[in-house]
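Please look over the sequence and model first.

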Amino acid sequence: VAIFRFPSPWLALRRAAMAEEKAALTDSKVERMRKTLEPMPRLCAKVVHGFGRGSKLLGFPTANMKIRWDVVESPEKLEPQEKDVLDFARSCEAGIYYGWAQVSNGSDRGIYKTAMSVGWNPTFPDVKAKTMEPWILHDYADDFYDCELRLIICGFVRPEAKFADFKDLIVAIREDGEFCRETLDDEALAALAKDPFFIAKDAEVA
């Protein structure tokens, strides 16, 4: 004898709610583009301590690049590499960028795909100056504060956005990372991981 069990109305509603939840966690409705930069900036800066939100609050460990906002009025005091970083931070559109990064004097000198946020992080009210925060898409065994970070910025993904809910921000960041990862698989962009700008002796590329 076959026994058929029909789902209750409550179960059907619960399944529908779970499907909506899943969709909300996998689609932030953020529009993205692949806008290649010409020329592609090659930047080098020390990694400094930031607000500590990337890893602890959001779950995405980012490196905070040192920007010499303290000498904006006296650019002659800057080293050429410092001036390049400051000029880019001042002139670029706030938003998400894709590129390649290397901690050139750390214990792990691999060259890895990167999604970088540049701007004022409008979701948080305590940011007073534009920041540059690469999320290097690689799991490092050790911290690399005070190390030198080399970065080739290949292109622009989307403008900076303010999110009312942390969950929406987290979903958008996760999607940004995947978008940048896939974009950098392009043959011409992948070749930039071998650029002479990087200290590439026996360096891993990923």
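## Rings, charges and a helix

The charged end of R34 lies over the ring of F179, 4.2 Å from the ring centre. R150 does likewise with F197, its charged end 5.0 Å from the centre. A charge sits over a ring if NZ of Lys or CZ of Arg is within 6 Å of the ring centre and within 35 degrees of the ring normal.

This is a predicted model: local features need pLDDT of at least 70, side-chain atom pairs count only at pLDDT 80 or more, and totals for chains, interfaces and linings use all residues. Residues are numbered from 1 along each chain as its sequence is written, and side-chain values use heavy atoms, with hydrogens and water left out.

F179 is among the buried residues of α4 (buried: under 20% relative accessible area, 1.4 Å probe, protein chains only). Others on that list include L169, I173 and C180. At the start of α4, a side-chain oxygen of D165 comes to within 2.7 Å of the backbone nitrogen of K167.

The structure holds six aromatic pairs. Rings of Phe, Tyr and Trp (its six-membered ring) pair if their centres lie within 6.5 Å; planes over 60 degrees apart count as edge-to-face. Two such pairs are tabulated.

| Pair | Centre to centre | Angle between planes |
|---|---|---|
| F60 and W135 | 4.8 Å | 65°, edge-to-face |
| Y112 and Y140 | 5.8 Å | 90°, edge-to-face |

F60 and W135 are 75 residues apart. F60 is buried at 9% relative accessibility. W135 is buried at 15%. Y112 is buried too, at 0%. Ring pairs also join F88, Y97 and F156 into a cluster.

Notes. Buried < 20%, exposed > 50% of the residue type's maximum accessible area, 1.4 Å probe, protein only. Helix = DSSP H or I, 4+ residues; strand = E, 2+ residues; numbered from the N terminus. Polar contact = N/O pair within 3.5 Å; in protein donor to acceptor, adjacent residues only side chain to side chain. Phe/Tyr/Trp six-rings, centres within 6.5 Å; stacked < 30°, edge-to-face > 60°.
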